[in-house]
Amino acid sequence: MEINNISFSYDQKVDQLKSVQGEIPHGKITTIIGPNGCGKSTLLGVMSQNFAPRAGQIILDGKAIPAYKPKELAKKLAVVHQHNDAPSDLTVEKLTAFGRLPHKSLFSPNQEEDEQAVEWALTCTNLLDKRKLTIDQLSGGERQRVWIAMALAQKTSLLFLDEPTTYLDIFYQIELLELIRNLNERYGLTIVMVLHDINQAIRYSDNIMVMKNGELLMQGAAQEIITVELIKRIYGVDVLIKEDERTGLYIVPVGI
Amino acid sequence: MNKKVLSMAVVIVLLIVVTLVSATTGSIKVGSLDLIQGLFTGTNKSVQIIKDLRLPRIIVSLFVGAALAVAGVLLQAVMRSSLADSGVIGISSGAGFISILFVTLFPKLFFWLPVFAFLGGALACFLVYALSWKAGLSPIRIILVGIAVNATFTGLGQSFNYRGSYAVTQVNQATTSIFTMKTWTDVEVIVTYGTIGLILSLFLSSWCNLLSLQDKSAQNLGLHVARARLIISIVAVLLSAIATAIGGLIAFVGLLVPHIARLLVGSDHKILIPFSALAGALLILSADTLGRTVLAPTEIPASIIMTVIGGPFLIFLIRKSDRMYGN
């Protein structure tokens, strides 16, 4: 996926994204980091066709995304949002099956394929034994996994996640990130996510995009781009950057 | 699952019972068996009178109830607010007002009443959307704007009633909801349009389900959100307009029935819509039957019975229920 010179504005006065130029490497995990309000989620929204850019375009498989019909796009790209609504009495299984919508057509019901996809999505997200439970019976971490299961049931090669670990405690955060890595390694899914935790971004992604004030400052592997100067420049925080045999690169904030 | 099946069965049984009771009670009384026999043979005189006078009224009540209840479900799905109802947000009063306006100006076009009602309902619905749209739909703003639109159309409609006896008798049908004097012509109209609307609404159930997610989630699943909203709204307007054109203004059905239905069968529209149709039919038929038998020979209009039951019941539901949109 290519990001071609994207500018975007909510109110047509101030640009939230300023000529963003970048590329999402195929089959890799890309994480967008940056301070609050820098346009991370907005960029993700533009890339998933939720917002129309003021200028520029997003190219997916050689075609600009507005040229896709909604269902065609939904076969290539699935999104897990930060906030989600669903009727509280919906079961895990039924919500996951919503992900089959892009593959449904009035004339060729493909029930077997639908069932297999739902089964696979529930297996990946470790929700098989919870399938009959309703959404309000689940914990926060499980609920987030159901939304991922719904996105997986779409059987896309691209998966976007907007701050998937927010509101989760550390166990569920790590569980979720391991799940995401697993999806990438086993099924070759191309993943783009927004994270706040820089150490998690370093540890779980192949490619990091650094944003500030609506601009994409740089992108690349953590080892190449994460420096003391960069963190100071985008967050205004002084950090130590360490390397450990087991964890690889990590940062420790020491002051502002 | 059991609760759903049980609720469905209970409503169907009650519907049959109330229909039979309604057909056999009143100033002319016949037994249920005589009635059914008479309808097929056509030899029983009382049954013939019932067929001409009471049966149309029963069928109209059933369809008005079903149409209003389903319109309520659809509007609630589209507007993501459990307070949306064609009576509350002005679709019914818009339908009523435009019908009166046109029928007063062009009395010869009386036959086209349903069309005018539909146009009026669509106008009101459009106004509600257009005036409450501000970078997306906010349930609360829709309801507030809807109440204002409703007040405007109700006022305009009532101003016609003060024009003198001519207007009142001519357009009575669209403003009050006494189900007396319903003929087989009314039945034809409401059964035709009502059936179309109800069948279409069954096809819309999966869209309604998707709209209960966030708009952007539904969009990322490949749903054309704006188009789905528009089509569901059109069907909702069709149903409430036809109910208003034939049955008059009846508040609360679209509010009350979906609420009870959600408590009983859950929020999956595949069952919520058919269940609401049956429960709405049951409610209005019961209200009408009650209205014409309690103080016989005086009649209490079904709409009045509905508001009297509806108000307290709604308060009860709001205090009890936690399964609502928007919280």
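Trainee: In which sense do strand 3 and strand 9 of chain A pair, and over how many bridges?

Mentor: Two strands pair if DSSP finds at least two bridges between them, and strands here are DSSP runs of E with at least two residues, while helices are runs of H or I with at least four, both numbered from the N terminus. In this predicted model, local features need pLDDT of at least 70 and side-chain atom pairs count only at pLDDT 80 or more, whereas totals for chains, interfaces and linings use all residues. Residues are numbered from 1 along each chain as its sequence is written, and chains are lettered from A, with ligands numbered from 1, in the order in which they are written. Strand 3 (residues 29-33) of chain A and strand 9 of chain A pair in the parallel sense over four bridges, and within this pairing I32(A) has M209(A) of strand 9 as its bridge partner.

Trainee: Which strand pairs with strand 9 of chain A in the antiparallel sense?

Mentor: That strand is strand 10 (residues 215-220) of chain A, which is joined to strand 9 over five bridges, with G220(A) of strand 10 as the bridge partner of I208(A). The two strands form a hairpin with two residues between them, in which N213(A) takes a positive phi near 50 degrees.

Trainee: Why is strand 9 of chain A said to be largely enclosed?

Mentor: A residue is buried if 20 or more other C-beta atoms, placed from the backbone, lie within 10 Å of its own, exposed if 12 or fewer, and partly exposed in between. Five of the six residues of strand 9 (residues 207-212) of chain A are buried, so the rest of the structure largely encloses this strand.

Trainee: What is the strand order in the open sheet of four strands in chain A, and which strands stand at its edges?

Mentor: The order is 2-1-4-5, with antiparallel pairing. Strand 2 (17-23) and strand 5 (63-64) of chain A stand at the edges with a single partner strand each, so one side of each is left without a neighbour in the sheet. Strand 1 (residues 2-8) and strand 4 (residues 55-60) of chain A pair in the antiparallel sense over four bridges, and E2(A) stands opposite I59(A) in strand 4.

Trainee: How many residues does each chain give to the contact between chain A and chain B?

Mentor: Two residues are in contact if their C-beta atoms, placed from the backbone, lie within 7 Å. The contact takes 19 residues from chain A and 15 residues from chain B, and on the side of chain B that touches chain A, helix 10 (residues 215-220) of chain B supplies the largest share, four residues.
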